Amino acid sequence: MESAMGKDGILHYKLHRQGVLNMNAAGIDVSSRKSTIAVLRPFGEVVKVPFEVSHTAEGLASLARQLKAIDGETRVVMEHTGRYYESVANVLHESGLYVSAVNPLLIKEYGGNSLRKVKTDKADAMKIARYALDNWCDLRDYTPIDTVRYDLKTLNRQFQLASKQKTASSNNLIALLEQSFPGIRKCFEGPVRKDGTQKWVDFAHTFWHADCVRKLSLNAFAERYRKWCKRNRYQFSTEKTDEVYELAKSAVVLVSKTEVTKVLIKEAANQLTSISRSVETYRTEMNRLASQLPEYPVVMEMYGVGESFGPQLMAEIGDVRRFERKQSLVAFAGIDPMPNQSGEKNVRSNKSSKRGSPYLRKTLFNIMTVHLQRAPANEPVYQFLDTKRAGGKPYYVYMMAAANKFLRRYYAKVRDYLASLDSLPPVDMDSTGLNK
């Protein structure tokens with residue numbers, strides 16, 4: 001029998017008996033409007049040649065039926081790039097298929113065993129399917145995030161975008177004021193209000209040129225400034241009045257007091273106030289959503305985390321239980337040092353990988369800045385940061401090292417707290433719905 005079947009036939013028969021040949025790997029190359037799918041089995045057996053499916057309810061439902069109709073165990077693998085993959089993953093997951101969304105970098109670095117560089121949707125789908133077969137046991141099942149975490153992450157991305165626009169608009173207004181009223185920005189310091197207004201911006205909107213001040217007498221300007229403060233609910237100060245008036249008297253302006261200058265300054269101020277209002281709206285809504293998550297009280301107790309950075313952390317990290325180890329979370333943030341050892345070469349101080357979430361790294365860096373500015377002597381993270389700094393480490397090295405330690409503490413605290421919630425006995429309720 002063995003001579004008739006040959007060695008390859010015997011191996012094929014044994015693997016078939018063990019169920020290996022019933023492994024179906026469906027690789028999906030996702031784009032915005034459509035996806036390309038290829039299904040492979042071990043030893044390069046092509047179950048379905050690459051075909052396309054549109055991202056419609058009917059198209060995705062048809063894809064789910066086709067994949068479920070294949071004999072054997074089918075696992076679907078795709079890259080989690082942007083948001084295009086989520087609709088495909090959700091539909092297939094809800095249909096009962098095993099879905100795994102992997103980091104695109106893993107697919108990119110997966111060898112295709114070819115010297116030719118081919119970049120087509122069909123080739124990518126085949127490559128993803130081969131990756132799925134080679135990493136079959138290491139694939140992790142895709143779990144859709146709940147509505148609150150999804151909305152929180154979306155809000156955070158919009159918050160980050162609006163913050164960049166706010167910075168650009170602020171710099172633009174300052175540049176314009178340096179031509180019409182140089183130095184006025186430094187006269188006013190104060191936090192941004194909940195409605196997005198700020199004193200220096202509102203002042204520039206009304207007194208948009210130095211001539212708006214110095215053409216008046218000191219008493220006339222003081223009275224007008226007092227009424228302006230009352231109307232806009234700002235605190236009036238005689239010292240501030242004198243300071244602004246003296247600045248206007250000595251200012252060397254680059255542009256004349258014309259209608260064009262007025263339009264430029266006022267519109268730039270309106271634009272900055274509008275974007276600032278959006279930023280504050282996002283910040284408030286993010287904090288409201290984050291307060292609905294179980295880990296909210298633990299995260300908010302950590303030093304350096306407030307109503308702004310706390311929701312940003314929870315938005316980017318998500319459910320911490322999806323990370324098997326603290327090292328996985330550190331790698332996700334991209335602040336893990338990359339090993340560099342070959343033969344006798346062994347570099348002890350390595351750069352961070354920066355292969356994770358840039359939004360999370362930015363939030364961590366801001367939290368470390370709070371530690372650095374406030375210098376809490378009894379805070380373990382700051383003690384670690386200060387030790388690294390005292391040892392002569394460069395600025396970014398000790399900041400990222402402290403961020404690494406902070407993230408490990410975050411992982412331990414939040415995971416332990418969530419585990420304690422899971423182990424709590426159910427609340428005993430009486431017939432009225434009240435606690436006994």
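How many helices and strands are there in the protein chain? This predicted model has 17 helices and 7 strands, helices (H or I, at least four residues) and strands (E, at least two) being DSSP runs numbered from the N terminus. Local features need pLDDT of at least 70 and side-chain atom pairs count only at pLDDT 80 or more, while totals for chains, interfaces and linings use all residues. Residues are numbered from 1 along each chain as its sequence is written, and side-chain values use heavy atoms, with hydrogens and water left out.

**View 1. The protein chain and its buried residues.** Of the 436 residues in the protein chain, 40% are buried, where buried means under 20% relative accessible area, exposed over 50% and partly exposed in between (1.4 Å probe, protein chains only). Among contacts (heavy atoms within 4.5 Å) with a separation of 6 or more, 66% come from residues 24 or more positions apart.

**View 2. Helix α3 and what covers it.** In helix α3, which spans residues 84-94, the buried residues are Tyr85, Glu86, Val88, Ala89 and Leu92. The elements that cover these buried residues include the strands β1 (23-30), β2 (34-41), β4 (73-79) and β5 (98-102), together with the helices α2 (57-68) and α6 (147-180). Just after α3, Gly96 takes a positive phi of about 100 degrees.

**View 3. Lys249 in helix α10.** Lys249 lies in helix α10, which is formed by residues 238-250. Because its relative accessibility is 47%, Lys249 counts as partly exposed.
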